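I opened this model to look up its helices, strands and pockets. My entries follow in the order I made them.

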Amino acid sequence: MIVWLNGAFGAGKTTAANELLDLLPGSTLYDPEVIGAALRRMLPKERLGQIADFQDLHSWRRLVVDTAAALLTEVEGPLITPMTLLRREYRDEIFGALAARRIPVQHLLLHADEPVLRERIDTRAADDGGSTRAWCLAHLSSYRAALPWITAEAHTLDTSHLTPRRTAERLAEAIGEGAGTAGIVQTPEPTAETVAAGVLLFDDRDRVLLVDPTYKPGWEFPGGVVERGEAPSTAGVREVYEELGLRLPAQPALLVVDWEPPQPPAFGGMRLLFDGGRLAAEDEAALLLPGAELRDWRFVTEEEAARLLPANRLERLRCALRARRAGHPLYLEGGVPTGCGHLLR
């Protein structure tokens, strides 16, 4: 298990984490900042010049998960992880990958009022010669902006007037009660190519429905991985019901088959999109969200989808909309129509 201690710089994460080691038998301190420091030494300066923070490196986010899994083969756990995490898409990527490794996470926020944070940052700056003060203060606005989503998902403990020991004691109590458990249910990471089926659902304005998963960054189509022995269209129908509580009246029509090439560490595979048709108003009103998997849904135009979808899913959507207008499915490789399908407009 991982106990992820989130919070602004100056909230007391590291001191509380060290105190917490005495209160949780078998626990080990796991600081992902060490991974960031190592990547700074290994990556070329040209790559480092493209980012503002080591958290922006996909390699860092992946190594956080891989290292946690490796550590848990050596120690009993839990791993106590004092790490500021303010970008929700990074939280989704890391926590989703941990869930795929069957590593549970308890997400706890150490919060302090801003005057307290500034005072603690000034005290820390006096100890280190002021080298970190400006950087820490600059991140307070990012922390304020992230507070709504963090407090909605993490267990919050106000440390403004708590000593490190008392903070750790309160944390231990909350951890023992299961507070902040990230209830993500995720299939294991693939070990080979996979087949996945998505279903496009439309409203009466022909906008397409997208969902916001909790276990990976970016928006997505309803759907998921096809299980062994399962027909892709059946998988799409099943996933729509599991994710949205909607029973489709008929098997959906095929729109796109896209071969996604392997791009290590991803294995790629076949990606299919089906046409689930238009939803009636009563169906829209009855849509449900399983909180552990999806946090939101919305109908969007193609232009709005361009701001929400990763590039590969956006190209797949655009081709699917073309195929829907033409009444003819398209075959793609890496998001590009091949054969006679590329002539369709």
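I set the exposure terms before anything else: buried is under 20% relative accessible area, exposed is over 50%, and partly exposed lies in between, with a 1.4 Å probe and protein chains only. This is a predicted model, where local features need pLDDT of at least 70, side-chain atom pairs count only at pLDDT 80 or more, and totals for chains, interfaces and linings use all residues. Residues are numbered from 1 along each chain as its sequence is written, and side-chain values use heavy atoms, with hydrogens and water left out.

**Entry 1: T123.** T123 sits in helix α6 (residues 114-128). Helices here are DSSP runs of H or I with at least four residues, strands are runs of E with at least two, and both are numbered from the N terminus. I also checked G10: 113 residues separate T123 from G10 in sequence, yet their C-alpha atoms are 9.4 Å apart.

**Entry 2: whole chain.** I counted 13 helices and 13 strands in the protein chain. The C-alpha trace spans about 70 × 45 × 40 Å along its principal axes. Of the 345 residues, 47% are buried. I took contact as heavy atoms within 4.5 Å. Of the contacts with a separation of 6 or more, 74% are between residues 24 or more positions apart.

**Entry 3: helix α4.** I compared length with expectation, which is 1.5 Å times one less than the number of residues. Helix α4 (residues 58-71) has 14 residues and should span 20 Å; its end C-alpha atoms are 20 Å apart, so the two agree. Its buried residues are W60, R61, V64, V65, A68 and A69. They pack against β1 (2-6), α2 (33-42), β3 (79-82) and α5 (88-100). An α-helix has 3.6 residues a turn, so residues three or four places apart point the same way.

**Entry 4: helix α5.** How many of the 13 residues of α5 are buried? Eleven are, and α5 is mostly covered. Among them are Y90, R91, D92, E93 and F95. The cover includes β1, α4, β4 (105-111), α8 (140-153), β7 (208-213) and β11 (294-300). After α5 comes R102, with a positive phi near 60 degrees.

**Entry 5: strands.** I counted two strands as paired if DSSP finds at least two bridges between them. An open sheet of five strands runs in the order β2-β3-β1-β4-β5, with parallel pairing. Its edge strands are β2 (28-29) and β5 (155-158), each pairing on one side only. Two bridges join β2 to β3, and T28 stands opposite L79 in β3.

I then turned to β9 (residues 253-260). It pairs antiparallel with β10 (residues 269-278) over seven bridges. β9 also runs parallel to β12 (residues 330-333), joined by four bridges. D258 stands opposite R271 in β10, and its bridge partner in β12 is L332.

**Entry 6: a pocket.** A pocket here is an open set of points on a 1 Å grid over the protein atoms alone, where a 1.4 Å probe fits, with protein on both sides within 12 Å along at least five of seven lines; lining residues have an atom within 4 Å of a point. Which residues lie closest to the centre of the second largest pocket? I listed F9, K13, E33, T84 and R124, from 38 lining residues. Helices α1 (13-20), α2, α6, α7 (133-138) and α9 (164-176) each supply at least two residues of this lining.
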